[in-house]
Amino acid sequence: LAIYESFPDSAKNIATEAFRHSAQLGFQLGMARSCIILGRISQNDGQFDSATYLFTKGLISAKKANLTTASFYINIANNYFFRGAYQQAMENYLSALQSSPRKNTSGDSCQVYLNIALIWTRLGAFEQANHYLDIVQPIAYRTRDTAMQVSLLTSRADILMAENKNPEAIKLFRKSLRLATATNLPGPALEILNELTHAYLSLEQADNAMMSTQEAMEILKMYPGAYNFHRYHTQHHLGLIYRIMGNHAYAEQLLSHTYATAAQIGLKDLLLHMEQDLAAVYAHNGKHALAYEHILHYAQLKDSILEKERKNMPSLWQENIVAGKDNALLTQKFRLVEQQKRLQTKNVWIGGALLFTAVVSLLFLNIVRGYRRKQKLQEEQVVQLKQKQEIKQLKARVRGEEEERNRLALELHDGIAS
């Protein structure tokens with residue numbers, strides 16, 4: 001995962017080896033995590049069937065290892081979302097909420113709510129979308145989760161843009177972009193820049209749109225093998241910018257190339273937006289047959305994706321309401337996390353106080369021991385000094401007695417001689 005964004009091929013090789021060894025050992029945890037990485041790589045390359053297979057295989061291993069399964073359902077749902085299968089995406093997001101709810105983190109649950117809100121936005125059900133964003137908002141700011149705050153602001157801006165409130169949406173996108181850039185979140189930054197470009201294009205502000213697109217292209221240059229889904233959106237927007245600037249020939253070249261790639265991969269969510277744009281370019285360039293063909297494709301896609309899903313909105317919303325019971329669980333879980341954090345903080349303070357007391361006690365003992373050692377040394381020095389003085393006095397007395405004996409002997413000798 002650490003090298004995935006910069007070196008996807010190396011990450012793929014390592015994950016493949018990890019899966020092979022884990023499978024040989026029957027190590028379900030290793031198999032599950034390897035499948036997550038390999039699935040994301042396949043997803044980035046547009047191999048959605050392969051990605052879904054890998055995520056499903058990882059899900060089976062996760063269940064065997066008694067792990068939380070939310071991330072597997074989320075990734076499977078993301079695959080369906082990219083392909084415009086909103087109902088299947090919604091079902092898997094709800095499965096993520098309902099699977100092992102006590103093991104899911106508040107972050108997993110909030111991410112699911114954000115993704116569900118995005119689906120409701122795509123379907124034009126803004127009330128339902130805001131319902132889920134309102135659940136996430138207090139948690140995002142209380143936990144100070146920057147990535148969650150960025151996603152929340154971006155989702156709010158998406159709704160404003162869908163409601164044709166582009167100036168208000170641009171303000172929120174800018175705020176979200178500053179936060180994503182400050183905390184080094186390249187994926188969210190790319191998503192925001194693409195949405196910001198879309199908003200500028202809606203206002204026909206080609207210069208601002210070009211600036212946002214160039215910012216996105218600079219980030220993509222840093223990760224040549226990653227963020228391909230955002231890369232296709234950036235190429236799409238670049239084609240639209242050249243169309244607004246009057247360079248219809250180059251716009252056609254960019255849009256047709258991006259469309260072919262998106263069609264080959266099956267990115268219906270992107271194709272839905274591209275059909276009308278490509279039809280307008282073909283019509284301007286006099287290719288009316290191709291323009292008519294893309295208008296028909298747009299109508300078919302709209303019917304197959306949006307209209308079908310909108311008919312299922314009541315049942316989808318009912319499923320959401322049933323799953324909404326997890327909102328209380330999420331709130332309870334969040335409160336439990338807050339209590340645990342407060343308890344951890346309290347324990348840290350108590351531990352710190354005990355450590356401080358121990359350190360001070362050790363320092364005091366060392367000072368006392370040092371003082372006693374110094375006092376003992378001074379006493380020994382005093383004793384040694386007294387002993388030296390006594391010895392010196394004794395020597396002086398002996399010397400005096402010796403001199404006295406010599407004087408008496410001399411006087412006695414002189415007396416005898418006289």
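This is a predicted model: local features need pLDDT of at least 70, side-chain atom pairs count only at pLDDT 80 or more; totals for chains, interfaces and linings use all residues.

Student: Which residues of H5 are buried?
Tutor: They are Tyr 86, Gln 87, Ala 89, Met 90, Asn 92, Tyr 93, Leu 94, Ala 96 and Leu 97. On spacing in helices in general, an α-helix has 3.6 residues a turn, so residues three or four places apart point the same way.

Student: Why is Thr 69 called buried?
Tutor: The cut-off for buried is under 20% relative accessible area. Thr 69 has 4%, so it is buried. Its place is the loop between helix H3 (48-64) and helix H4 (70-82). Leaving out residues up to four places away in sequence, Thr 69 touches Leu 59, Ala 62, Lys 63 and Ser 99.

Student: Why is Asn 66 called exposed?
Tutor: Exposed requires over 50%. Asn 66 is at 57% relative accessibility, so it counts as exposed. Asn 66 is also in the loop between H3 and H4.

Student: What is the phi of Asn 66?
Tutor: It is positive, about 60 degrees, although Asn 66 is not a glycine. Glu 204 also has a positive phi, near 55 degrees, and is a residue other than glycine. Glu 204 lies in the loop between helix H10 (186-202) and helix H11 (206-222). With a relative accessible area of 61%, Glu 204 is over the 50% cut-off and is therefore exposed.

Student: Why does Ser 61 count as buried?
Tutor: Its relative accessibility is 4%, which is under 20%, so Ser 61 counts as buried. Ser 61 lies in helix H3. Apart from neighbours within four places in sequence, it is in contact with Gln 28, Met 31 and Ala 32.

Student: What makes His 236 buried?
Tutor: His 236 has a relative accessible area of 4%, under the 20% limit, so it is buried. The residue lies in helix H12. His 236 touches Leu 255, Thr 258, Leu 270, His 273, Met 274 and Asp 277, not counting residues up to four places away in sequence. His 236 and Leu 270 are 34 residues apart in sequence, and their C-alpha atoms are 8.8 Å apart in space.

Student: Is Ile 139 buried or exposed, and why?
Tutor: At 6% relative accessible area, Ile 139 is under 20% and therefore buried. Ile 139 is found in helix H7 (residues 126-142). Its C-alpha atom is separated by 9.3 Å from that of Gln 149, which is 10 residues away along the chain.

Student: Which residues touch the most other members of the largest nonpolar core?
Tutor: Of its 89 residues, they are Phe 81, Tyr 93, Ile 116, Ile 119, Trp 120 and Leu 267. Helix H6 (residues 106-122) supplies the largest share of this core, nine residues. Another core of six residues lies apart from it, and its members include Ala 11, Ala 15, Ile 37 and Leu 38.

Student: How many cavities of 30 Å³ or more are there?
Tutor: The count is two. The second largest cavity holds about 40 Å³ of space.

Student: What lines the second largest cavity?
Tutor: Its lining includes Gln 43, Asp 45, Phe 48, Asn 228, Tyr 232 and Leu 267. Helix H2 (28-44) and helix H12 (228-244) are the elements that give two or more residues to the lining. H12 gives the most, with three residues. By type, the lining divides into five nonpolar residues, four polar and one charged.

Terms used
Residues are numbered from 1 along each chain as its sequence is written. Side-chain values use heavy atoms; hydrogens and water are left out. Helices (H or I, at least four residues) and strands (E, at least two) are DSSP runs, numbered from the N terminus. Buried means under 20% relative accessible area, exposed over 50%, partly exposed in between (1.4 Å probe, protein chains only). Contact means heavy atoms within 4.5 Å. A nonpolar core is a set of buried Ala, Val, Leu, Ile, Met, Phe, Trp, Tyr and Cys residues joined through side-chain atoms within 4.5 Å. On a 1 Å grid over the protein atoms alone, a cavity is a set of points where a 1.4 Å probe fits but cannot get out, and a pocket is an open set with protein on both sides within 12 Å along at least five of seven lines; lining residues have an atom within 4 Å of a point. Grid points are joined across faces, edges and corners, and a volume is the space filled by probe spheres set on the points. Ala, Val, Leu, Ile, Met, Phe, Trp, Tyr, Cys and Pro count as nonpolar, Asp, Glu, Lys and Arg as charged, and the others, Gly among them, as polar.
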